[in-house]
Amino acid sequence: MTPKAAPTPVRLGLRENRLQFALLVIVNVCVGALVGLERTTVPLIGTDVFGLTSDLAVFSFIVAFGVTKALTNLAAGALTARFRRKQLLVAAAVLTAASGLLAARWITDGTHGEAPRTVPIDGMGAADRS
């Protein structure tokens, strides 16, 4: 049996943990920017893409988006008890790529019926307003 190494003592303070603090600041800036972007673009998508005209309809669109996002986060949190982080990230990347390809196929194959005239894909809009 090999002896276990003594645990390193916990270092407290900003100076001792400056790299972790810098990472925390960067993550908070990115999350704040994403929330701001979401609050400005989701109403525009609701009005431009889906033709929602009333404020209540736009508000319900935002609420539906937020509820879906919350439920997805809840499901992902439950999955972290069963799978490792890398497995979940790879699965999410595969699902995201597959849904993007399916959406692109749905848009271009002509069997989608009444598709919106403006189709945002990964933040890039392709407008056809003829």
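I start with the second largest pocket, which has a volume of about 220 Å³. This is a predicted model, in which local features need pLDDT of at least 70 and side-chain atom pairs count only at pLDDT 80 or more, while totals for chains, interfaces and linings use all residues. Residues are numbered from 1 along each chain as its sequence is written, and side-chain values use heavy atoms, with hydrogens and water left out.

A pocket here is an open set of points on a 1 Å grid over the protein atoms alone, where a 1.4 Å probe fits, with protein on both sides within 12 Å along at least five of seven lines; lining residues have an atom within 4 Å of a point. The volume is the space filled by probe spheres set on the points, which are joined across faces, edges and corners.

The lining consists of Leu71, Thr72, Asn73, Ala75, Ala76, Leu79, Thr80, Leu88, Leu89 and Ala92. Two elements give two or more residues to it, helix H2 (55-79) and helix H3 (85-108). H2 supplies the largest share, six residues. Helices are DSSP runs of H or I with at least four residues, strands are runs of E with at least two, and both are numbered from the N terminus. By type, the lining has seven nonpolar residues, three polar and no charged. Nonpolar covers Ala, Val, Leu, Ile, Met, Phe, Trp, Tyr, Cys and Pro, charged covers Asp, Glu, Lys and Arg, and the others, Gly among them, are polar.

Now the chain as a whole. The order from the N terminus is α-α-α-β-β. Of its 130 residues, 6% count as buried, meaning under 20% relative accessible area with a 1.4 Å probe and protein chains only.

On the H2 side, take Val58. Buried or exposed? Val58 is buried, because its relative accessible area is 12%. Beyond its neighbours within four places in sequence, Val58 is in contact with Pro43, Thr47 and Leu52, contact being heavy atoms within 4.5 Å. The C-alpha atoms of Val58 and Leu44 are separated by 8.7 Å, at 14 residues apart along the chain.

Technical notes
Buried means under 20% relative accessible area, exposed over 50%, partly exposed in between (1.4 Å probe, protein chains only).
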